[in-house]
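Let's take a friendly walk through a protein assembly, from one chain to its neighbours and then to the side chains.

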Amino acid sequence: MADALFKIEDLHLSLPDLARKPLFGATPRITILKGLSFTVPEGAITGIVGESGSGKTSLGRTLIRLLNPDAGRIDFAGRDIAGLDEEALRPLRRDLQIIFQDPFSSLNPRKTVGAIIGAPLLLHKVAASSGEARDLALDALTHVGLPASFAARYPHELSGGQRQRVGIARAVALKPRFILADEIVSGLDVSSQAQILTLLMELRARMNFTMAFISHDLSVVRRLCDRVIVMRKGEIVEDADTATLFEKPQHAYTRLLRDSIPLPEVSDGWLAEA
Amino acid sequence: MTEAYLDISDLSVALQHSGDRLLRGVSLAVKPGEVHALVGESGAGKSMIARAVFGILPKAVTILEGQVTIEGADLNGMSQAARRLFIGKRAAFIPQDPLTALNPSKRIADQISDRLIHILGMPKAKAHARAATLLEEVKIADPERVMRLYPHELSGGMRQRVLIAAAFAGEPRLIVADEPTTALDVTVQRQILALIAGMQARHGTALLFITHNLGVVAKLCQTASVLYAGKVVEQTGVRQLFADPQHAYTRALMAATPRYDRPEESLKPASPELMGELAREVAETDTLWAKERAHG
Amino acid sequence: MAEARVIRVKAGPRLWLSGLWLTFFALAAIFAPLIVPHDPLAQDLMLGKLPPAWVTGHEPGYLLGTDSLGRDVLSRLISAARPALFVAIGAGLAACLLGSVLGLLAGFFGGWTDRIISRIVDIWMAFPPVLLSILLVAFLNPSLQSVIIAIAIIDWTRFCRVVRAETMQQRRMDYVESARAMGLTSIATLAREVLPNVLPAIIVLLSLEMGIAVIVEAILSYVNLSVSTDQATWGSMIAEGRGIIYQAWWVLVFPMIALFLTVLAFSQFGEGLKERFDPVLR
Amino acid sequence: MSRNLLIRLGSTMVTLFGVALIVFILVRVVPGNPIAMMLPPGASDADIALLTAHYGLDKPIMTQFWIWLGRALQGDFGTSISLRQDVMSLIFGRLPATLELATLALLIAMALGGALAITAARFRGTAVETGIDLANGASLAMPDFLWGLTFILLFGVLIPVFAISGRVSPTLDLPFVTGFYLIESILRLRVDIFLDLMRHMLMPALALALPLAAVIAQLLKTSLKEAMQQDYVMLARTKGFSETRVLISEALRNAVIPTLTLAGVQFTFLIGGTVIVERLFSYEGLGNMAIDAVINRDLPLIQGIVLVFALIFVIINLIVDLSYALLNPRLRHG
């Protein structure tokens with residue numbers, strides 16, 4: 001078993017319930033993660049699946065410390081980053097990259113594609129000069145299958161699938177150790193989804209970064225991921241390698257999730273058993 | 001061959017200012033009690049067909065040619081108001097996103113009974129009673145309480161059930177459902193699909209089911225039309241479609257669809273050659289169509 | 001898409017027409033002493049209330065006629081552009097700077113910063129703007145500087161409200177989250193990522209505010225609280241014209257037209273600039 | 001609902017206290033000794049000291065504030081320096097005139113703005129909408145000050161239909177008990193007085209109303225057009241409802257909510273606008289008196305008027321917030 005890039009122990013997270021915010025005093029909080037423990041093997045793609053409200057997105061955001069956990073250890077490459085403040089986290093940010101779900105909101109509308117990919121390269125000193133940053137950005141564009149001429153374009157001039165590729169280029173250009181993909185194909189139609197996932201698999205083979213792939217679509221996870229974590233209402237229901245989880249699911253909820261997927265072949269009983 | 005309840009023949013629709021065709025001679029028919037799938041990816045024009053049936057095309061889009069008939073009556077011949085009233089009495093629509101398809105400042109009861117009262121002329125008390133029975137039929141607990149609630153007080157799944165109840169409220173002979181379960185979790189989707197199938201069978205309604213999910217087509221529908229760039233590229237029975245798909249696009253769509261039982265064969269992106277072939281086919285239909293209109 | 005294109009075509013003339021008037025207004029303000037046909041303050045009771053050139057009984061050389069003290073209306077109109085421009089730029093920029101910075105901070109950081117700034121804005125807006133400006137100017141003894149200070153002190157809330165709302169909206173977008181994930185500090189995120197998206201709204205508002213500043217200056221000089229009497233202003237001309245409305249309507253009408261065109265130009269110029277240069281709209 | 005109400009009331013009190021404090025300090029700290037202005041030029045220092053003590057202006061500022069606040073809460077705002085009358089009675093004498101003018105202006109603005117927005121939304125994409133947009137664009141640049149002057153010119157001088165100064169013809173004897181002439185003339189069915197009042201009030205009311213009407217028209221039209229693109233409107237069309245019915249019964253209700261909050265802010269400018277518009281039309285309202293108070297540096301009167309204006313502003317904000325909660329079911333169960 002490859003050694004773990006992430007070792008998570010008893011992770012707790014709660015967020016303020018803004019709906020019931022009083023004028024003064026503390027805002028009541030909702031518990032989101034209820035003591036999770038698991039590992040993310042280095043070099044593998046780990047799927048995190050669950051329905052809406054299962055806490056999978058919050059878990060992803062906590063892994064790369066966009067959210068502060070209430071308790072528990074987040075051991076990243078041998079170092080506990082659960083309690084680090086922004087200052088201490090900054091040097092690690094290069095190795096903790098994220099690709100967002102909504103391609104329309106994750107790219108700054110008033111920046112060119114070249115600037116969106118190039119700026120982080122300068123920030124983390126991957127590129128020494130803006131000229132070098134521009135060249136690296138152009139390379140990144142070609143890696144994700146976009147023509148170099150897109151560097152001068154603005155996000156609103158691109159399609160959903162093309163924007164998602166820019167999001168991927170921004171992340172992989174930094175050659176990070178870990179990338180979080182948060183429902184990155186949920187907004188795309190079938191053919192763009194197939195192209196983006198194939199691209200992701202090629203990039204992972206060439207650059208072997210570790211990835212956590214958050215999704216509500218088990219069929220996609222089955223094709224893409226080496227391991228799968230099934231979540232429900234803030235708890236881990238099952239954590240196994242992908243083949244075992246689909247062929248011999250231990251937990252009833254995993255079975256329910258799998259069997260709820262309509263396979264593209266004609267059969268009579270599926271609707272009746274709903 | 002029993003008479004088709006909804007019959008669209010050779011429908012072409014285009015953007016007014018550029019003349020680009022969004023629908024290219026679409027023909028399809030749905031018989032009473034039949035569930036017909038309209039399959040295609042976003043941008044293929046699926047929703048445009050639904051809007052054409054109800055006569056609510058956006059202002060910037062015009063009908064170039066083609067007929068839409070319901071119950072044998074040609075809708076193009078009617079005035080916009082008469083057409084809306086005619087359809088309002090016979091057909092219903094189930095929208096995609098339950099979070100935006102209910103009026104946020106109206107109670108659930110009003111949103112189910114409004115068609116009964118104002119279009120079908122049913123007295124208010126009877127309409128509200130009918131609304132309550134419908135909520136039971138869509139398996140919503142405590143219908144009396146739910147009737148007085150506002151949409152933001154219900155879950156996504158419950159709101160979709162309310163929309164289904166509103167659709168079946170006027171005993172429609174035809175229902176057009178536009179991706180009614182795409183916005184729902186997969187476990188809730190299965191219950192909603194079963195609910196729609198059950199009510200459709202019980203009421204013998206003709207159902208035009210719009211989706212991009214081939215699994216839903218296989219489990220729910222009897223016949224299917226595959227749409228690419230506004231053109232029906234394949235139209236057949238569902239068993240036939242999955243057993244022996246004829247058109248290259250249908251095969252490409254099946255290859256791209258993820259499957260957990262055969263992962264290695266799924267998620268195959270379409271090859272550039274295929275994309276070029278499809279583009280040529282669309283261009284040919286347009287030049288052919290332009291030539292015919294020049295002589296016609 | 002069709003609708004957007006129609007508006008953009010219309011935006012063209014909106015930008016350069018308003019731009020033309022504003023350049024004309026600015027040139028008048030800068031070169032007033034050189035281009036005025038007569039000394040705007042020279043009185044000549046013999047030439048009192050002369051009508052404009054196209055009305056019978058006019059006097060050649062006094063294109064727009066004279067006021068009750070025989071002063072040339074056109075010359076006063078042109079020389080009044082200077083205080084108006086001074087106030088528009090001074091008060092506009094001051095209010096814009098103060099209000100936008102506080103709006104950005106309140107909108108981006110939220111929490112107590114937002115509550116305090118919003119409370120201050122609420123209290124500030126409880127004062128009727130015109131009354132407060134009259135109060136401030138009267139007590140800061142009337143001068144152009146006190147007019148500028150008064151308008152800036154009052155109108156910064158307009159910027160603060162709009163910028164705060166715009167910033168909060170941008171704050172929710174994923175690209176801000178992405179900047180944080182990239183390791184940018186909060187201030188750097190606000191300055192480099194959020195500000196470019198809020199700037200278009202600020203520019204439109206700044207241009208609008210310059211127009212409002214000109215109006216408030218006119219109102220102040222109408223109640224003779226603005227600059228001293230030895231400087232012609234549109235407001236004082238209007239006040240004088242109001243008094244002799246039956247005998248010399250032109251003394252009132254021409255400064256009104258000048259005021260309206262300037263305010264209209266300012267309100268359209270910002271909009272036109274945004275449509276022309278905002279990459280998202282182009 | 002009650003929780004929201006408590007929060008709103010709490011913040012209203014804070015706002016009022018803040019206004020009172022600022023007005024008090026502002027007027028005190030500003031240069032120019034009001035007392036000196038009141039006495040004849042030759043007055044001796046002793047007289048000035050005497051009068052200062054009488055008005056309590058010699059005590060430290062904060063103590064003066066608490067004394068003043070204590071008295072203000074019982075409605076005693078002191079006596080006006082320039083008019084030598086009790087400030088409260090002066091204000092209440094003039095307040096009805098301003099309230100009637102502002103309310104009339106508000107009704108005109110809402111009716112006009114609403115009608116324009118609904119017409120423009122109903123005929124969106126056509127010449128009708130572009131026409132309304134152009135008219136709106138121009139009128140947004142016309143402040144109440146310029147509208148007033150334009151009306152004076154048009155309907156006062158060129159076509160003398162309306163009166164260009166005062167609130168009612170001095171020749172009429174008014175059998176009214178309260179200061180609310182307009183309302184009393186309606187209640188007492190005195191059509192002659194009502195028409196005379198309107199002849200005086202319509203132009204200033206229009207001058208105040210048009211800028212607000214333009215804002216309402218623009219905001220309501222934009223949110224109406226947005227509402228018309230929502231799924232629930234499309235669903236209503238498929239149910240057979242006509243375009244106009246869909247606009248009124250489905251879209252309008254949800255379009256009014258966002259417009260209300262934005263228009264609420266603009267409405268306070270209407271109240272502020274009465275100051276200059278009353279001056280233009282020599283209309284005997286609170287705004288007109290405020291300008292004289294400032295020019296005469298009449299501190300107690302200024303404080304009283306500004307506080308009353310602030311009170312009106314705060315009450316309006318409360319009404320806007322409450323109606324916002326009533327209209328928007330999401331907040332009703334807050």
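A salt bridge is a side-chain nitrogen of Lys or Arg within 4 Å of a carboxyl oxygen of Asp or Glu. With that in mind, look at chain B of this predicted model: the side chains of Glu179(B) and Lys46(B) meet in a salt bridge, at 3.5 Å from N to O. This pair links distant parts of the chain, 133 residues apart. Glu179(B) sits in the loop between strand 7 (174-178) and helix 7 (186-203) of chain B, while Lys46(B) belongs to helix 1 (residues 46-54) of chain B. Both Glu179(B) and Lys46(B) are buried.

How many salt bridges are found over all chains? A search of the whole structure gives 52. One of the salt bridges brings together the side chains of Lys111(A) and Glu193(C), at 3.3 Å from N to O. Lys111(A) lies in the loop between strand 6 (96-99) and helix 3 (113-123) of chain A and Glu193(C) lies in helix 8 (residues 186-222) of chain C, so the pair joins two chains. Glu193(C) has 13% relative accessibility and therefore counts as buried.

Chain C also has a salt bridge between Asp67(C) and Arg71(C), whose closest N and O atoms are 2.9 Å apart. Asp67(C) is buried, with a relative accessible area of 1%, and Arg71(C) is buried too, with a relative accessible area of 10%. Elsewhere, salt bridges link Glu265(A), Arg259(B), Asp261(B), Arg262(B) and Glu265(B) in a network.

**Getting to know chain D**

Chain D has 14 helices and zero strands. Its C-alpha trace spans about 85 × 55 × 40 Å along its principal axes. Of the 334 residues in chain D, 51% are buried. Now take the contacts in chain D between residues at least 6 apart in sequence: 71% of them join residues at least 24 apart.

Chain D touches both chain B and chain C. The size of an interface is often given as the accessible area lost when the parts come together. Here are the two interfaces, side by side.

| Interface | Buried area | Part on carbon and sulfur atoms |
|---|---|---|
| Chain D and chain B | about 2,400 Å² | 55% |
| Chain D and chain C | about 3,900 Å² | 82% |

Let's start with chain B. The contact takes 22 residues from chain D and 28 residues from chain B. On the chain D side, Met234(D), Thr238(D) and Lys239(D) lose the most area to chain B, together 25% of what that side buries. How many salt bridges cross the interface of chain D and chain B? The rule finds three. Arg84(B) and Glu243(D) meet through their side chains in a salt bridge, at 2.7 Å from N to O. Between chain D and chain B, 13 residue pairs are in polar contact. The elements of chain D that give two or more residues to this side are helix 10 (231-238), helix 11 (243-280) and helix 14 (329-332).

Next comes chain C. This contact takes 48 residues from chain D and 40 residues from chain C. Across the interface of chain D and chain C, the rule finds zero salt bridges, and two residue pairs are in polar contact. Among the elements of chain D that give two or more residues to this side are helix 1 (2-29), helix 6 (127-140) and helix 13 (299-327).

**Rings that meet**

Over all chains, a search of the whole structure finds 19 aromatic pairs. One of them is Phe25(C) with Phe266(C), an edge-to-face pair with 6.2 Å from centre to centre and 85° between the planes. Phe25(C) is in helix 1 (residues 2-35) and Phe266(C) in helix 10 (residues 249-277) of chain C, 241 residues apart, and the pair links distant parts of the chain. Both Phe25(C) and Phe266(C) are buried.

Why does the pair of Trp147(D) and Phe151(D) count as stacked? Their ring centres are 5.7 Å apart and their planes are at 20°, and planes under 30 degrees apart count as stacked. Trp147(D) and Phe151(D) both lie in helix 7 (residues 144-158) of chain D, four residues apart, about one turn of the helix.

Ring pairs also link Trp54(C), Trp249(C), Trp250(C) and Phe254(C) into a cluster. Finally, Arg115(C) lies over the face of Trp112(C), at 5.0 Å from the ring centre.

Technical notes:
Residues numbered from 1 in each chain as written. Chains lettered and ligands numbered in written order. Predicted model: local features only at pLDDT ≥ 70, side-chain atom pairs only at ≥ 80, totals over all residues. Heavy atoms only, no water. Phe/Tyr/Trp six-rings, centres within 6.5 Å; stacked < 30°, edge-to-face > 60°. Buried < 20%, exposed > 50% of the residue type's maximum accessible area, 1.4 Å probe, protein only. Lys NZ or Arg CZ within 6 Å of the ring centre and 35° of its normal. Contact = heavy atoms within 4.5 Å. Buried area = accessible area lost by both parts, 1.4 Å probe. Polar contact = N/O pair within 3.5 Å; in protein donor to acceptor, adjacent residues only side chain to side chain.
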